[in-house]
Amino acid sequence: MVAELSSAVAVEVARAATLLVSKQRICILTGAGISAESGIPTFRDKQTGLWENYRAEDLATPEAFARDPKLVWSWYQWRRQLVHDKQPNPAHRALAQWQQHCARVNQQLTLITQNVDDLHEQANRLEQTIDKVIHLHGHLWRNRCSHCDKAYEGNTPMSNREVESVEKNADKPSYRFDDSLLQCTHCGSYIRPDIVWFGESLPVDAWQTAEEAAAHCEVFISIGTSSLVYPAAGLAQLAKQNGAKIIEINPDPTANDIVDITLAEKAGIVMPVLIEQIYQHSFP
Ligand code: NAD
Ligand code: ZN
C-alpha cells in the first residue's frame with residue numbers, strides 16, 4: 001500500500017498518524033471528493049450528456065424548482081440513476097473501520113458529511129459499524145413536500161430508488177428513474193428531494209452537532225471538499241480557532257489556508273494507509 005504513495009506524501013501520512021493517535025477528539029468532514037473514486041462526479045466536474053449545459057448551482061435552488069419543477073426533478077432523477085448502483089470505495093471502508101477502532105480505544109470520532117449519497121452508511125453496514133453519520137446537506141434517497149415538508153414515502157420502495165425496474169437479475173439490478181413529477185398526498189404540492197439547496201438553511205440538529213464537534217475537537221480532518229461551500233467550510237476555521245490541528249486530504253489545492261498537514265493524494269489511496277498506521281501505533 002505505502003508503495004502507492006510518493007515519499008513526500010508518505011512522510012505526511014506518518015505525521016498525521018502520530019498526531020491522531022495522541023488525541024482524544026477527532027472531527028471529520030467529508031465532501032464530494034470522497035465519493036469520486038466510487039464513480040460519483042463532484043460538482044466541480046463538468047456535467048455530461050443531457051445536462052452538460054446546466055450548472056449544479058443553477059438547478060439546486062428553491063427558485064429553480066419554483067420556476068421549473070420538472071427540470072429540477074428530472075435532474076435529480078438523472079443523478080439518482082447515476083448513483084444508485086455505486087458502492088463505497090476504500091476511503092469509506094477505512095473510515096468505517098476507524099470508527100469501530102475509535103470506539104475500542106476510547107477516542108471520540110464524529111463523522112460529518114456534505115454528501116447526499118449514502119456511501120458512508122453502506123460502508124458502515126459492510127464493516128458492521130453502527131456509528132452514525134451527520135448529513136449537513138440532506139439525503140439523495142429521501143423526498144419531501146415542497147410546501148408542507150411532509151416526508152414522502154409514496155409507492156416507491158427502497159427509499160424511492162426503484163421507481164421502475166426495467167431489468168433485474170440477482171447480481172446486477174438496474175433501475176430506470178421516472179421523471180414524472182409526484183404530488184404530496186396531504187396538500188397536493190410537488191414533491192422535492194430532501195436536500196439542502198443553495199440558499200437554504202442547514203438542518204438545525206445536524207448543524208448544532210457539527211459545530212459542537214468542530215469546536216471541541218483536537219484534530220479536524222477535511223476529506224474531498226473544495227472548502228468553498230459555506231457554512232460547512234467554516235467548520236475547519238471554528239476548529240482551528242479553538243486550537244485544533246487541521247489535516248486535509250485532497251489531491252488538488254483548495255481554498256483552505258489553515259491546514260497543518262496536507263495529504264495531497266486521492267482519499268481512496270491515502271485513507272487505508274493512514275488507518276493501517278494508526279493501528280500499528282495502537283497495537284505495535
Ligand atoms: P466539490 O465538488 O466542491 O469539491 C470536491 C473536492 O474533492 C475538490 O476539491 C476535489 O479536488 C476533491 N477531490 C476529487 N477527487 C478526490 C479524491 N479522489 N479524493 C479526495 N478529494 C478529491 O465538493 P464539496 O466541497 O463537497 O461541495 C459541493 C457540494 O456538492 C456539497 O454541498 C455536496 O452536498 C454536493 N455534492 C454531493 C455529492 C455526493 O453526495 N456524492 C456529489 C456532488 C456534489
Ligand atoms: Zn404537502
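Which residues come nearest to ligand 1? Select Arg44, Gln114, Asp117, His137 and Ser226: out of the 25 residues around ligand 1, these come nearest (a residue counts as around it if one of its heavy atoms lies within 4 Å).

Before going on, a quick note: this is a predicted model, where local features need pLDDT of at least 70, side-chain atom pairs count only at pLDDT 80 or more, and totals for chains, interfaces and linings use all residues. Residues are numbered from 1 along each chain as its sequence is written, chains are lettered from A and ligands numbered from 1 in the order in which they are written, and side-chain values use heavy atoms, leaving out hydrogens and water.

Stay with ligand 1 and click on Thr225: a polar side-chain atom there lies 2.8 Å from an oxygen atom of the ligand. Ala32 has a backbone N or O atom 2.8 Å from a ligand 1 oxygen, and for Gly224 a backbone N or O atom lies 3.2 Å from one. Of the 860 Å² of accessible area that ligand 1 has on its own, the protein covers 92% (Shrake-Rupley method, 1.4 Å probe).

Now jump to the zinc ion, ligand 2. Show the SG atoms of Cys145, Cys148, Cys184 and Cys187, which coordinate the zinc at 2.3 to 2.4 Å (donors are N, O and S atoms within 2.8 Å of the metal, or 3.2 Å for Na, K and Ca; water is not among the atoms, so sites may look incomplete). Along the chain, the donors follow the spacing C-x2-C-x35-C-x2-C.

Last stop: colour two of these cysteines. Cys184 is buried, at 7% relative accessible area, while Cys187 is partly exposed at 34% (buried is under 20%, exposed over 50%, partly exposed in between, with a 1.4 Å probe and protein chains only).

Key. Polar contact = N/O pair within 3.5 Å; in protein donor to acceptor, adjacent residues only side chain to side chain.
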